[in-house]
Amino acid sequence: MITRTRLAVGACALLAALTAGIALPAGAAAGEPTGEDAPKVDLVLDVSGSMRTRDIDGGTRMAAAKQAFNEVLDATPEEVQLGIRTLGADYPGDDRKTGCKDTAQLYPVGPLNRTEAKTAVATLSPTGWTPIGPALLKAADDLDGGNGSKRIVLISDGEDTCAPLDPCEVAREIAAKGIGLTIDTLGLVPNTKMRQQLSCIAEATGGTYTSVEHTDELTDKVNQLVDRAADPVVTPVAVDGADACAKAPTLKSGLYTDREEFGKQRWYRVDVEPGHELRASVSVSADRAVNPSYSVLLRAVTVHGREIVRGEAADNGRTDVVSTGLRYPKAESDEEDAPAETVCLQVTNSFSVAPGVKTTPGLPLELTVDIVDGPNQADDVAAFGLGRGWWLLGVLVLVGFLAGLLWGWLSRWRFAVWRTN
């Protein structure tokens, strides 16, 4: 079975949520939702000079952002700690060095006082540069600490003007810290270059990018992202895979993280009881500059090395995350105390880097393992390998055989008639 889809990232999260609550030796559950600390959101708003442009519902981009913020502040859940950071709001001059430091915390991340936050937003006026990279670094510091969900919502109408501090590289750096911070980006009336940059920032941390051209769209999307921060956090459990199946750790259902060296492999073991099905998926992230054209392979093999099933995916540089998955149903056994089968999961990648790029530590790897009741319906493809494909193959063979007999009989009959005439 081969799965070629980038949507497996979403499948990882879904499986992780379903498998929460399975006990591990350390006393915690792999992939168990945690949310002891309040969720935190930092709204990062571009207040550069271009926000004066009047092209959103007949008003300026700044006016649309202010209106959206006021409505979002009214709707923010009580349990969410929210802050507001600006970029390009204070320095109107032409000095690049000074302009690229122009980011400030307008309202600190914490319990929300709606009146104070709205008053702070009302004072904003489009002013200067667009230092997205420095603003993201500062926003990550704003959200430091705690184990609740952390989310940056970046709203901008233009690409960064402070290179060489590439905001996409900044986002990858934040993701590599493993602090569970997600960056979502919204582009106001975007152009191609801005769309590419904001998409890259979001993809680096597992966030989303949205193009916005109307005030109500901006309000709805920011509200949605703030509400999402209040959802329970699924925290992956760190695990050290081995370089061979015999030395690999045994995993139960859950969500796990590891690091995999470039071009190397990691092994894990899973015990599958008769009558159950193993579902596994893996995502490998490029948290630094890599060469285009890369792939990820996930194999399930027996302890003796025989391949059972595989999943693989490839990309050519369009995304920073490559994901794939597989399913393996273990048939029921007539024996009451039939032992579980040990399945070895092998993860291999073909990422490579250009000279001068660090290869250590390895690439971030996220593995989801789910053990569920096995399929018991005749129409479940996973239960019978090809499933209904066997029936189709049999029908095609039978039809071909009958057609051959009929054609042969007709040919002999026509030949006999020709001879007679």
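Buried means under 20% relative accessible area. Keep that cut-off at hand for these exercises on a predicted model.

**Exercise 1. Get to know the chain.**
How many helices and strands does the chain have, and what share of its residues is buried?

*Solution.* 
Step 1: Start with the secondary structure: there are 9 helices and 20 strands in the chain.
Step 2: Turn to burial. Of the 421 residues in the chain, 45% are buried.
Step 3: Finish with contacts. Among contacts in the chain with a separation of 6 or more, 75% are between residues 24 or more positions apart.

**Exercise 2. Find the disulfides.**
How many disulfides does a search of the whole structure find, and what is the pairing of the bonded cysteines in sequence order?

*Solution.* 
Step 1: To count as a disulfide, the two sulfur atoms must lie within 2.5 Å.
Step 2: Now check the pairs. The sulfur atoms are 2.0 Å apart in Cys-100 and Cys-162, 1.6 Å apart in Cys-168 and Cys-200, and 1.8 Å apart in Cys-245 and Cys-344.
Step 3: The search of the whole structure gives 3 disulfides. With the bonded cysteines numbered in sequence order, the pairing reads 1-2, 3-4, 5-6.

**Exercise 3. Follow Cys-245 and Cys-344.**
Which parts of the chain does this pair tie together, and is the disulfide left-handed or right-handed?

*Solution.* 
Step 1: Locate Cys-245 in the loop between β11 (237-238) and β12 (250-251).
Step 2: Locate Cys-344 in strand β19, residues 341-349.
Step 3: Because of these positions, the pair ties together parts that are 99 residues apart in sequence.
Step 4: The torsion about the S-S bond is about -50°, so this disulfide is left-handed.
Step 5: As for burial, Cys-245 and Cys-344 are both buried.

**Exercise 4. Judge Cys-168 and Cys-200.**
Why do Cys-168 and Cys-200 count as buried?

*Solution.* 
Step 1: Cys-168 has 4% relative accessibility, so Cys-168 counts as buried.
Step 2: Cys-200 has 16% relative accessibility, and therefore counts as buried.
Step 3: With -45° about the S-S bond, the link of Cys-168 and Cys-200 is left-handed.

Conventions:
Residues numbered from 1 in each chain as written. Predicted model: local features only at pLDDT ≥ 70, side-chain atom pairs only at ≥ 80, totals over all residues. Heavy atoms only, no water. Buried < 20%, exposed > 50% of the residue type's maximum accessible area, 1.4 Å probe, protein only. Helix = DSSP H or I, 4+ residues; strand = E, 2+ residues; numbered from the N terminus. Contact = heavy atoms within 4.5 Å.
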